[in-house]
Amino acid sequence: MTLQQKVPVTPPAARSRKKSVVPWGLGTALAALLFFVVALIAPQVLATHDPYALDLANSLQPPSLAHWFGTDESGRDLYSRVIWGTRESLLIGIGATAASLTIALILGSLAALAGKYVAGTVNRVIEVLFAFPTLLLALLLVAVIGPSAFSQVFAVGVGTSPGYARMIRGQILTAKNSGYVEAATALGHSRGRILRSHIIPNAIRPLVAIIALSVGQSIVWASSLAFLGLGVAPPSPEWGALLDAGRLYITQAPWLTVIPGLVIVALAIAATTLGKHIQASLEKGEK
Amino acid sequence: MTDLLTNNRTDATGSVHTDAPRLSVHNLNVGFTRGGEFHEVVRGVSFDLHGGQCIAIVGESGSGKSVTARSIVGLTGRNATVDSSRISLDGEDLTSVGAKRWREIRGRRIGFILQDALVSLDPLRPVGKEIEEALKLHGWGDRASRKRKVIELLDSVGVPLPALRARQRPDELSGGLRQRALIASALALDPEIIVADEPTTALDVTVQAQVLSLLTDTKRRGVSIILISHDLSVVAHLADHILVMKGGVVVESGSAQQVLTAPEHEYTKSLIGAVPGEHTRGRRLGPQLDIVATAHPARFAEEFADYTGPVLEAKNLVKRFRSPDGSLSTAVNDVSFELEQGTTLGIVGESGSGKSTTARIALALTDADEGSVTLLGREWSSIRESSRRSLRKRISVVYQDPLSSFDPRWNTERILLDAVTDEEPRSTAEKKTRVRELIRQVGLTDDILPRFPLQLSGGQRQRVAIARALAPSPSVIVLDEAVSALDVSIQAQILDLLVELQKQIGLSYLFISHDLGVISHISDRVLVMKDGAVVERGTADDVFNRPQHPYTQQLVSSLPTLD
């Protein structure tokens, strides 16, 4: 009847070792982002050719040692074009995120904090905008303003803002109805003071992660617009424009579409990974 | 209800058992591996459980009582290491049985009742289905007979309209009905043993009395019960034998009679001494307090020096809420009270009685639909928030859950600095001195200041909350279930602290609680609320010793006591 089980008092050594190194996923993402940032600031460092130099003799070459990503229909080096296109693509992504969050902050704060009628109206506006798919809303805007880098920023910004506006509204409402805001009210603090010291900081905190997530997404949306011919026009090496230009040669030279596509995906994944990590560490801090 | 109050200890372990024990636990050790480190949480627990006997395991949070209960039913979790020389059920060794055999034992031989019925029951399934599932898993009867059995079971645990209730989901049932449904599912297969982990903790006192009486009946039918509780007075009416646990070890074990009336261990004595009630009014529940007195700031005295009337006065308060279906429900119905300077007014009532809404109206955090509140003789409820702000320093609040009332980004020092009033400009250094003064006043030390609320224990958090309430030098503190979430010894410390502070600086308390023991301990005058209305009012002595209203009489008689 008596059965003495073994008690593993000393755990396996491997498990007690502290994890001090950066997880490989985050490390890869940071390395990729660093590469894109260098490409944004100093493309000449990374580029191997002039992105606009025509070389008709070497048109539509597959990837090789001389041309890492191959060449396009005019013999331009695709790798250098992708590098030079980083600046425009990233700036469009960051600009669109900035526009989107600015609109979202204004709408979200009004919906959460304004008086009954204003808040109600703004809420309806957010809901109507939210009902449109992002791309449809962006297409509509570009169709009205006409295709350009600015309209890409504006359209993607407006198109992605309703989702963030709703999120910000939710964050503000959570903070506003929290126990600590009630406690501050009971202490006799003024509305402005409570807004400054409690509601805004607690509502804004999760946005840090959202910014990183949103940049990746915005670039995908902006590229989609450019691919449809509603953004920066060729011969610009903006990534969406590269996709659009390569589209015509997809059977002869698939690398012209596949490679810029993969680059867009790589950036989006890197930015998203970073965002997820920021989010996770913020949540860990709050528990 | 009366069978609860007469002790039923016919089968106390003090008497000699000739039969073999139904369940025998010998030298039980349980530990957890967390983050690569091994923590032992239960050490050397042994006991024998006989037929129709109830053993209670009593202790505060972290004492290892729940882990002990869970290891008896093989539910300690994957990272736990259970090591025992013997756990035997009618001679069968449970230390070596596999998962499959456990599933046969659980439910059929040992039933398990968990603390929170709302969490334990599947929210999307009617409770009848839940009970039926237990029967089905063990291959009990056919479909039709199972359905009949469910109704029978619900009826046997005193659920009115069992056929209707069986079709309802947990959220459609009241707390008491849910807990009874859970007990019914534990009883479904006629187990010989029931393990009940804090079965009444979340319940109102009258519902608690019903559940306890149900468990008493079950015991009388020959079922053995292992009752886990932090509440000695709950245990007193059901247990034949009591194990007192602290830090994973049994510090005292004996017949219920002996443990409750002649405790030997210091810890048991302090636990029993810490239970507040009518008989403890005016005396300390714990040891002498080590707090530093500070004089009441003169500012307050100057402004209201001549005022001698009630510090807080409510007249005919009415508050209605609109239900989701559009109908109006009255949460507070014609409530009036006066809180005299330096005294404590207790408001007692069960959940939904309107006591917390009354507290919020008193704090002017909710507007009343009718009636008025005056604070220190001044208009309070009827004025605009902007004019109220300067007066807000005279009334502060302590909540049940201090954690949610602290901004998670702030450490203790920042929380208190924010609360230190700046009616007259003060330098940061002056404010910091005041914060240190406050921390000592609630019996804490400076090393707590850089810590965040999450890093504090429950008792420390509640002390910080009290320090924050004291910061603006108020005359009234509203305490809304302020000690309800605390272990009995911590609760005793906080109650002692409140009484001491009242003595030193003449604070007045509006003390809201569902706990009659706490209310009778601390209050000078008491309001009893039911369904939004005051059903009885008077001195604590009158209300608890000579209750007039039938509801108060029911409450007072439902209150489990140690003797």
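Start by selecting chain A, which has twelve helices and zero strands. The model is predicted. Followed from the N terminus, the elements of chain A read α-α-α-α-α-α-α-α-α-α-α-α.

Keep the whole of chain A in view and look at its overall dimensions. Its C-alpha atoms fill a box of roughly 75 × 70 × 40 Å along the principal axes. The radius of gyration of chain A is 25 Å, whereas a compact globule of 287 residues would have one near 19 Å.

**Stop 1: two helices of chain A**

Select residues 149-176 of chain A, helix H7, together with residues 191-204 of chain A, helix H9. Two packed helices are described by the angle between their axes and the distance between the axes. Here the angle is about 140° and the axes are 8 Å apart. Angles over 145 degrees would count as roughly antiparallel; H7(A) and H9(A) are therefore oblique to each other. Their crossing is right-handed.

Now show the side chains at this contact. On H7(A), pick Ile168(A), Gln171(A), Ile172(A), Ala175(A) and Lys176(A). On H9(A), pick His198(A), Ile199(A), Asn202(A) and Ala203(A). Coloured by residue class, the contact of H7(A) with H9(A) divides into five nonpolar residues, three polar and one charged.

**Stop 2: a sheet in chain B**

Move to chain B and select the open sheet of four strands, whose order is E12-E11-E14-E15, with antiparallel pairing. Which strands of chain B stand at the edges? They are E12 (328-339) and E15 (378-379); each has a single partner strand, so one side of each is left without a neighbour in the sheet.

Next, centre on strand E11 of chain B, residues 312-322. Nine bridges join E11(B) to E12(B), and the two run antiparallel. To find one of these pairings, select Glu313(B), whose bridge partner in E12(B) is Glu338(B). Follow the chain into the hairpin of E11(B) and E12(B), where five residues lie between the strands. Gly326(B) in this hairpin takes a positive phi near 95°.

Return to E11(B) and look towards E14(B), residues 370-375: five bridges join these strands, which also run antiparallel. Select Ala314(B) here; its bridge partner in E14(B) is Val373(B).

**Stop 3: the helix across the sheet**

Definitions and conventions: Residues numbered from 1 in each chain as written. Chains lettered and ligands numbered in written order. Predicted model: local features only at pLDDT ≥ 70, side-chain atom pairs only at ≥ 80, totals over all residues. Axes fitted to C-alpha atoms, helices over the stretch in contact; angles between N-to-C directions. Parallel < 35°, antiparallel > 145°, perpendicular 65-115°, else oblique. Left-handed = near helix turned anticlockwise from the far one by under 90°. Contact = placed C-beta atoms within 7 Å. Nonpolar A, V, L, I, M, F, W, Y, C, P; charged D, E, K, R; others polar. Pairing = 2+ DSSP bridges. Rg over C-alpha atoms; globule rule 2.2 N^0.38 Å.
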